[in-house]
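Please look at the sequence and the structure before reading on.

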Amino acid sequence: MSERLTTNVIVFQGGGALGAYQAGAYEALHKTGIEPDWLAGISIGAINSAIIAGTPRERRVEHLRRFWDRASSGFDAGWAPEDPAFRRLFNEVSAMTSAMTGVPGFFSPRLYTPYQLLLNPESLISFYDTQPLIDTLETLVDFDFLQQSDIRLSLGAVNVTSGNFAYFDNRKECLNARHVAASGALPPGFAPIEIDGAHYWDGGLVSNTPLQYVLNKSGSDQDLCIFQVDLFSARGQIPRDQFEVEARTKEIRFSSRTRMNTDEFARKQILRRAAKRLLEKLPPEMRDDEDARILASAGVEYDVTIVHLIHRKAANLFHGMDAEFSRATIEDHWRAGYDDVMTTLEHKAWKTRKRPKKGIQIFDLAGKHARVTEDAAFSERM
């Protein structure tokens, strides 16, 4: 690989209970010595990102484990059926339990007493109280450490009144537990979080992945190595019943549009390089021209490598997959994330990788059909 400096980025999308996959993926990256310079997350991805960025390196996996152990403590049967049909029933009971009783350290159901209905406006627009999440974050995340950390943290949310996407970034403002909770305030379950007079909902309402934000806001001439950890797969099978219709609809709605994002970025990369070559051909007296200066600002050259890790749906997952917090299922998700990262990093294609010639390459090596999308594939679509 290149001797140029590389910024390591981890991108976490939203997906509720499926987020344990991200925790397992981080544990594997941590074990192999790959640490993030920048974390970007939405919803449950924001929670995982904040715990990682707001904790000293040697305790990050421990704090992730504490969060997920607590979240999965409400339905810990100590076992789970192996038969797919019974496992699906087990998962449905678990999700129903979470819906009725809440998730420890995350959210609790609202009690619709006359006091709440008359004096608490949030009880009219949400079913659950996320104060337990804020309390958990204040215990597990050192926000003073986060603000002084070399790790950049970006959390996606959406402004309720304007409908505009917003990112909370520790390079621009002091973050606290409410910023993290705002990124995961998914309606109608959760009420919006007020920050500086504005109210915010879950960023997944606009986009469930921060990839585009990272590609647009890197502002650096360093190369980027992005580990994009997705919880929903865009690819899937034809549904066989209404439950599978619901599950497949959720996958399509919340999956990352990696092809769209990377195609757009590839076009920009080719234009950047063309602008740089054109500027080099200009005579010296024309290089101070206003149009030449505009081209120069667009000609910052850096390469991007994306490692795409996708939590592909297991046979026992169902339409409530993101709301199923049983201990057995959380352990399955964690193990899947860990295994997918280790498979990727041990793959020959990853070990023998080179710098992309035209600015971008994507590795998807953990699935059934390992793929590497090279520069040529993007050029053909220009």
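Which residues does phenylalanine 227 touch, not counting residues up to four places away in sequence? Phenylalanine 227 touches Val9, Ile10, Val11, Leu29, Ile34, Val307, Leu345 and Trp350, a contact being heavy atoms within 4.5 Å. The model is predicted: local features need pLDDT of at least 70, side-chain atom pairs count only at pLDDT 80 or more, and totals for chains, interfaces and linings use all residues. Residues are numbered from 1 along each chain as its sequence is written, and side-chain values use heavy atoms, with hydrogens and water left out.

The largest nonpolar core has 73 residues, and Ile47, Phe67, Trp68, Phe106 and Phe227 touch the most other members. Apart from it lies another core of 19 residues, including Ala40, Ile42, Leu211 and Ile306. A nonpolar core is a set of buried (under 20% relative accessible area, 1.4 Å probe, protein chains only) Ala, Val, Leu, Ile, Met, Phe, Trp, Tyr and Cys residues joined through side-chain atoms within 4.5 Å.

## Second largest pocket

About 780 Å³ of space lies in the second largest pocket. A pocket is an open set of points on a 1 Å grid over the protein atoms alone, where a 1.4 Å probe fits, with protein on both sides within 12 Å along at least five of seven lines; lining residues have an atom within 4 Å of a point. The volume is the space filled by probe spheres set on the points, which are joined across faces, edges and corners.

Of the 33 lining residues, Leu186, Phe190, Lys250, Asp322 and Ala323 lie nearest the centre. Helix H4 gives the most, with 4 residues.

## Threonine 97

Threonine 97 is in helix H4, helices being DSSP runs (H or I, at least four residues) numbered from the N terminus. Leaving aside neighbours within four places in sequence, threonine 97 is in contact with Phe75 and Gly102.

Terms used
Helix = DSSP H or I, 4+ residues; strand = E, 2+ residues; numbered from the N terminus. Buried < 20%, exposed > 50% of the residue type's maximum accessible area, 1.4 Å probe, protein only.
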